[in-house]
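Please read them with the coordinates open.

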Amino acid sequence: MRKGTIQKHEFEQLFREQYPRLYRFTLQFTTDEEAAKDIAADCFWTAWKNREDIEKDNITGYLFVCARNKSLSLLEKSRHISHIDGKDSNTTFAAETEGQWIEKETMLQEMEDAISTLTPRTRLILQKHYLERLSYKEVAEQLDISTSGVKKHIVKALSVLRARLGRTE
């Protein structure tokens, strides 16, 4: 066993704390609650199977990346099946035209590009706050910085993202 590998009791605690967040995150991609539950559970199962290869400190990020990828895969399959069958799917994006889908994909790519321009520390804080849904206080505790430091990073990140994406909100 590698140093930093998560133990069973730690994983159970992680499941209790993160499953609701992962489920809500997955619901952003699909309106099918059962599919969202399945994806969240499957991500935990995958993480457990691969726990020897995942550093304990990276497991939450691993879960959210897994959930995003599985959700997008489900959307793509659903969109493909819907196209073949000529039927509506149960996904959020089912009623969208191809142009709207491409527009969203382009915007997502622009967001990823803009996020990549942030410093690693600011990206990490942004990830913990928005993807992992941690409060400023929780992020501050994990990174051993003040809550005002977390807020400054978030404000800076949002300012950069708005400027890069042409938003003035």
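Predicted model: local features only at pLDDT ≥ 70, side-chain atom pairs only at ≥ 80, totals over all residues.

1. I would begin with Thr 30, which is placed in the loop that runs between helix 1 (8–27) and helix 2 (33–49).

2. Turning to the aromatic residues, the count of ring pairs comes to eight. One of them joins Tyr 19 and Phe 44, whose rings are 6.4 Å apart from centre to centre with 40° between their planes, an arrangement classed as tilted. This pair links distant parts of the chain, since Tyr 19 belongs to helix 1 and Phe 44 to helix 2, with the two 25 residues apart. Phe 44 has a relative accessible area of 3% and is therefore buried.

3. A further pair is formed by Phe 25 and Phe 64, with ring centres 5.2 Å apart and planes at 70°, so that it is edge-to-face; the angle that this class requires is over 60 degrees. Here too distant parts of the chain are linked, with Phe 25 in helix 1 and Phe 64 in helix 3 (residues 59–85), 39 residues apart. Both partners are buried: the relative accessible area is 6% for Phe 25, and the relative accessibility is 4% for Phe 64.

4. Which residues make up the aromatic cluster that includes Tyr 19 and Phe 44? Together with these two, Phe 11, Phe 15, Tyr 23 and Trp 48 form one cluster. Trp 48 also has a charged neighbour, as the charged end of Arg 51 sits over the Trp 48 ring at 3.7 Å from its centre.

5. My last point concerns the second largest pocket, which holds about 380 Å³ of space. This pocket is lined by 17 residues, of which Leu 14, Glu 17, Gln 18, Thr 60 and Gln 142 are the closest to its centre. Helix 1, helix 3 and helix 6 (136–143) each contribute at least two residues to the lining, and the largest share, six residues, is that of helix 1. Sorted by class, the lining consists of nine charged, four polar and four nonpolar residues.

Terms used
Residues numbered from 1 in each chain as written. Heavy atoms only, no water. Helix = DSSP H or I, 4+ residues; strand = E, 2+ residues; numbered from the N terminus. Phe/Tyr/Trp six-rings, centres within 6.5 Å; stacked < 30°, edge-to-face > 60°. Buried < 20%, exposed > 50% of the residue type's maximum accessible area, 1.4 Å probe, protein only. Lys NZ or Arg CZ within 6 Å of the ring centre and 35° of its normal. 1 Å grid on protein atoms, 1.4 Å probe; cavity = no way out; pocket = protein on both sides within 12 Å on 5 of 7 lines; lining within 4 Å. Points joined across faces, edges and corners; volume = space filled by probe spheres on them. Nonpolar A, V, L, I, M, F, W, Y, C, P; charged D, E, K, R; others polar.
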